[in-house]
Amino acid sequence: MSAYTKNEIPDVVIIGAGASGAAFAWSLVNKGFSVVCLEQGGWEDPSSYPSTKVDWELSRITSMNADPNVRKLPQDYPVNSDDSPITPLMYNAVGGSTIHWSGHFPRFKPSDFKVRTLDGIAEDFPMSYSDLEPYFDTNDSITGVSGITGDPANPERSDRQTNPIPLGTLGEKIAKGFDNLGWHWWPSDSAIITQPFDGRQACNNCGPCDIGCSRKAKASTDVTYWPKAINKGTILKTWSRVRAVTLSKTGLADGVEYYDRDGTLHKQKAKSVVIASNGIGTPRILLNSHSSKFPTGLANSSGMVGKNLMFHPYGSVTGIFKDKLNGYQGPIGAAILSQQFYETDLSRGFFRGYTFQLARSSGPLTTALGGLGKDTRIPWGTEHHKIFKERFAHTATICVIGEDLPELHNMVSIDDDLIDIYGIPAPKISYKMSENSKRMIEHGIKMAKKVMEAAGSKEILSNSLMKPAGWHLMGTARMGNDPETSVVDKNGRAHDIQNLYIIDGSILVTGGAVNPTSTIQAIALYIADKFENCVK
């Protein structure tokens, strides 16, 4: 283990500089490993984010759209999502999709790791919440988390790094609705600091966190893990698009082939290969890395690569209030959550459950386009200004985040015709929402309407399934103890290739009913801690 120099073979090459890749690189380089990371995108300049410009809402639906098929930037690759009611959302850059997230930062619950044991469905994780608890805490200390301890719906955790984000008029209004029903709620943990922390500025409540934070208050990994990892000697190569993982004559992974920004093909050798390219990008790389030894894709003797794709189906309920709520003030996705209906209760008609996440409102363009609602655009004509005034700054939205159980027919495969700008075959998404998920979201919308009524909403709009909601890409290279039903073991190592590791959301066994980033990063740190023993 040593610092990497140009003419030496590093200990590790990591594919992807997002949430998991950044945490893993930081951990390994601090243990003395030489690390190279290849990132398909480049560095973002926080001072140039759309949130600093007057036309920021236009950027959100064009050049900074979360959907790569809409955005179509040079660093993107196309995704065939014609066979899915949910479109996958992701971003290629140093920081990955943490550039584009809202900073909502809950953890999986202990029950999420043992769904099979508790409910007789899906599979258990090969580790427990308690196994990951110290890694959750480490991740929080690097990330900087605002919040408040003591939530009786979750295990106790270490003190948050900064105070919780203020609820604001909107948050207080919806919290009162929960209180009136006697339902539990809590200020959400947020990867957005409310006080200066680690050289970063505090949140100024400007609102559009999902299109980049110019103050570095939101904890995208380009401002948290990467400066620390690079300072310790990690080499980060940007604009490096991986085509395939390569194998030695002995059948071990010996590096990757990648294109640089000019389209020139390079080889990066390494003693171990780590893939951190999300639940779509990772199976794409594995399936494109086929060979005579692995004709159906690298590390795919189980046939599980690409299978069991999980999103989180999202429904939404928007309340329109007489009072002005000023919901455009404050982080759009970080306020309060309720896990009143999180655990299985079969009297509701479905397994597992969901989380309520409060979303604030946004600017005038988003309001005119209907916000998170479906077919709720403000009409043109004589009623336009009247309805706009009734809605702008007068709405609040509760998102219903349902647990999506793994199913073999939900999958990522390689498209027969679609390719990216360098000719690398693109992924195809095949996804069908289960009856269990449909009943779950239907129940969640019904209950969310009750909250809005209890909070005093004068009109309620709903959306039974948000199409552009595929933020959470999970399950397509899942971990497990059985090589016949999983791709990697509990330490993230491929069953088929002893020096190939996967550390992103693709290895999740089940998806819980909360945003998975905190849990994905904790698992990456857990795997990094086991790495030294695995490579001996």
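1. Ser506 is found in the loop between β17 and α12; helices (H or I, at least four residues) and strands (E, at least two) are DSSP runs, numbered from the N terminus. Ser506 is buried, its relative accessible area being 0%, where buried means under 20% relative accessible area, exposed over 50%, and partly exposed in between (1.4 Å probe, protein chains only). Neighbours within four places in sequence aside, Ser506 is in contact with Asn278, Gly279, Thr282, Leu473, Met474, Gly475, Thr476, Ala477 and Arg478; contact means heavy atoms within 4.5 Å.

2. On the basis of these values: the model is predicted, local features need pLDDT of at least 70, side-chain atom pairs count only at pLDDT 80 or more, and totals for chains, interfaces and linings use all residues. Residues are numbered from 1 along each chain as its sequence is written, and side-chain values use heavy atoms, with hydrogens and water left out.

3. Of the 11 residues of α8, 10 are buried, so the helix is largely enclosed by the rest of the structure. The buried residues are Gly279, Ile280, Gly281, Thr282, Pro283, Arg284, Ile285, Leu286, Leu287 and Asn288. They pack against β1 (12-15), β6 (241-247), β9 (272-275), β14, β15 and β17 (500-502).

4. β3 and strand β15 (residues 425-430) run parallel and are joined by two bridges, and Asn80 stands opposite Lys428 in β15.

5. Ser84 lies in the loop between β3 and α4 (115-119). With a relative accessible area of 5%, Ser84 is buried. Residues up to four places away in sequence not counted, Ser84 touches Phe311, Ile429, Tyr431 and Lys467.

6. A second open sheet has six strands in the order β4-β11-β12-β13-β10-β16, with antiparallel pairing. Its edges are β4 (186-187) and β16 (459-463), each with a single partner strand, so one side of each is left without a neighbour in the sheet. Helix α11 (residues 435-455) packs on this sheet and touches β10 (314-320), β12, β13 (395-402) and β16, its direction making about 150° with that of β13. Strand β11 (residues 336-338) and strand β12 (residues 354-359) run antiparallel and are joined by two bridges; Ser338 has Phe356 in β12 as its bridge partner.

7. Strand β7 (residues 253-259) pairs with strand β8 (residues 265-269) in the antiparallel sense over five bridges. Val256 stands opposite Gln268 in β8. The two strands form a hairpin with five residues between them, and Gly263 in the turn has a positive phi of about 90°.

8. Asp529 is located in helix α12 (residues 517-535) and counts as partly exposed, at 34% relative accessibility. Residues up to four places away in sequence not counted, Asp529 touches Lys31 and Tyr135. Its side chain makes a polar contact with the side chain of Lys31 (2.7 Å); a polar contact is a pair of N or O atoms within 3.5 Å, where within protein one must be able to donate a hydrogen and the other to accept it, and residues adjacent in sequence count only if both atoms are side-chain atoms.

9. A search of the whole structure finds four cavities of 30 Å³ or more. On a 1 Å grid over the protein atoms alone, a cavity is a set of points where a 1.4 Å probe fits but cannot get out, and lining residues have an atom within 4 Å of a point. Grid points are joined across faces, edges and corners, and a volume is the space filled by probe spheres set on the points. The largest cavity has a volume of about 150 Å³. Its lining consists of 16 residues, of which Asp151, Asn154, Arg157, Trp186 and Asp189 lie nearest its centre.

Terms used. Two strands pair if DSSP finds at least two bridges between them. On a 1 Å grid over the protein atoms alone, a cavity is a set of points where a 1.4 Å probe fits but cannot get out, and a pocket is an open set with protein on both sides within 12 Å along at least five of seven lines; lining residues have an atom within 4 Å of a point. Axes are lines fitted to C-alpha atoms, for helices over the stretch in contact, and angles run from 0 to 180 degrees between N-to-C directions.
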